[in-house]
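The paragraphs after it take one topic at a time.

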Amino acid sequence: MEPRWYQTEAIEAPFTYWMREGLPDLASPCVEVPTGGGKSAIIGWTAKRLVEDHDARVIVATHRSELIEQDAADMREVWPQAPIGIYSAGLNRREWHSRVVIAGVQSAYRNAVKFGHRDVMIIDEAHLVNADEGTQYWRLIDGLRKINPDMRLIGYTATPYRLGQGYVTSGDSALFSAIPYRVSVRALIEQGFLSPLVTGSPTAAIDTSQVATRAGEFAARDLELAANVQEITDHVADDVAAALQSGRRLALVYGVSVSHAAMMRNTLRMRGVPTEMIDGTMDRPARRAIIAAFKAGEIRALTSCDVLTTGFNVPAVDVVALVRPTQSTALYVQIIGRGMRTAPGKKDCLVLDYGANIARHGPVDAIRVKEKRAREDGDQTAPVKECPTCCADVPTAVRECPHCGHMFPPPERKANKAASYLPVLSLKIPQKRTTHDVGSYTIQIHRKKADEGSPRTVRVDYFEPDTSNHIGAKIASEWLCVEHEPGTFPHRKWTQWWQKNVKSSPIPVDVDEAVKRLNTKELPRIRSIVVEPDGEFTRVVKLIQDAPRESGQDDDDEAPSVDAAPTWGDDDDLPF
């Protein structure tokens, strides 16, 4: 099993990040890969590289038994000889001596001393790490760093942001220092690695106008009153049943409470849809039996509340119904992600949004992350409402006036007929050609891994400028065919590239000379590039550079950096 191109880049990203100059001590990268992009396999390859190339002892921490089992299975698939141990009370496994331990944080955080010296800790679903110290993840990290103060951290997640915090790199107490790599949902859909998403036409919507917000999320009691309404449930059952009767295969339906999930299960059954419910209180054997029947198609729909959001992997799911509004962007994206895996015969996934989540957070390929804003001095006032009996100001969330005992009416249980039809994927069509600022670029010697006899090339990778939280993402790559046969199309393109962008003479005839001269400032600084799509690749059509340097001219501190890396690349699918 070989990694895909983006998986290779995701594996490389933490190592490249740690090699950057001027990083804070114990800088901790967090890598973003969409749900369905093979994150567990990336963790397996990363652990393999750490052990085999760096003789490291690794611990992989996550929060659910299903994820522990999935990470272990995928690691063995990409690394059959992996020296894996599992530490989880839920799985009745306590193997702490292995070179690589995959642990449940709930079981491990009190027992850090058992794991001994660990060089690297990998956190799966890293967005679940609370920024507040004293939580289970922090206690596990602190315990391991008492044994090895230099232990490094790597996070992997599809959603590197948290409710109330913004990006996981935000804030003075943030565990992660940067997001050095991300690959977009749209890119993986366009290249066939993820399933397309289509917006359905829900026939009702949940009215949240009277639902209070607490700690940044909708209040559970109010949300129950607003969502657990028979009229809405009937519409949901009709919509899901119609989707399955039209040829779709499996549906996931997310509610706001256990009783809400149970009502939706019962109503779907009344429509003739074989349906079961899963909740957090269900014992493991019963849960596994239900999921196995769902995968086999014996059960066509699963309803749930606060489960089946991470670590649930059934690629054939092609209907996702959000019958719950949420203020959490991460939860919204994680739920939608359950339908983004590809499967034989699956064309796309239908998304039915009854809670206006798409309007609230944006399409999943263009989400809006709310950064936490520091509270200004004196801004301590909670929202209030006026009591109609005594005219006192009381907190918005109260049902009984503390001054006179007036009882405020509960939120009205009703269905909002203004259903949401906003696109779950952005409808923006990229321009034929786009211009991107360049923050840095690398120049390296390259040869196809699958064909050792092929001519060597020079590969140039262009990266966006860094931001406060993220390392610049790669914009595009191009290959310069220095050693191809003279007179062939690839070699003519190389000579044209040199004459246009470097202009000095003579033109190099081998890649060693080309890399050396490109890194001795014969190539004027590249400020930006113009690119256009070319099948599955992004083709560089123009370099926008500084004027050629005069002899003795000093470097501009703000110029894009170029990192010489005369090593072998390993891409096999070159665009020529």
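Predicted model: local features only at pLDDT ≥ 70, side-chain atom pairs only at ≥ 80, totals over all residues.

Residues are numbered from 1 along each chain as its sequence is written, and side-chain values use heavy atoms, with hydrogens and water left out.

Begin with the sheet. Helices (H or I, at least four residues) and strands (E, at least two) are DSSP runs, numbered from the N terminus. Two strands count as paired if DSSP finds at least two bridges between them. Strands of a sheet pair through backbone hydrogen bonds, either parallel or antiparallel. Here an open sheet with mixed pairing is formed by eight strands, in the order E4-E3-E5-E2-E6-E7-E1-E10. Strand E4 (93–94) and E10 stand at the edges with a single partner strand each, so one side of each has no neighbour in the sheet.

Strand E10 (residues 178–182) pairs in the parallel sense with strand E1 (residues 29–32) over three bridges. In this pairing, proline 29 has alanine 178 in E10 as its bridge partner. Isoleucine 123 stands opposite glycine 155 in E7.

Next come the salt bridges, each a side-chain nitrogen of Lys or Arg within 4 Å of a carboxyl oxygen of Asp or Glu. The structure holds 24 of these salt bridges. In one of them, glutamate 12 meets arginine 49, with the closest N and O atoms 2.6 Å apart. Glutamate 12 lies in helix H1 (residues 5–18) and arginine 49 in helix H2 (residues 39–54), so the pair ties together parts that are 37 residues apart in sequence. Glutamate 12 is partly exposed at 31% relative accessibility, and arginine 49 is partly exposed at 24%.

Another salt bridge joins lysine 39 to aspartate 124, the closest N and O atoms being 2.6 Å apart. Because lysine 39 lies in helix H2 and aspartate 124 in strand E6, this pair ties together parts that are 85 residues apart in sequence. Both lysine 39 and aspartate 124 are buried. Lys39 and Asp124 are also linked with Glu125 in a network of salt bridges.

Glutamate 125 leads on to the backbone. Most residues other than glycine have a negative phi, and most peptide bonds are trans. Glutamate 125 is not a glycine, yet has a positive phi of about 60°. This residue sits in the loop between strand E6 (120–124) and helix H6 (136–147), and is buried at 4% relative accessibility.

Lysine 503 is found in the loop between H14 and H15 and has a positive phi of about 75°. At 55% relative accessibility, lysine 503 counts as exposed.

How values were computed: Buried < 20%, exposed > 50% of the residue type's maximum accessible area, 1.4 Å probe, protein only.
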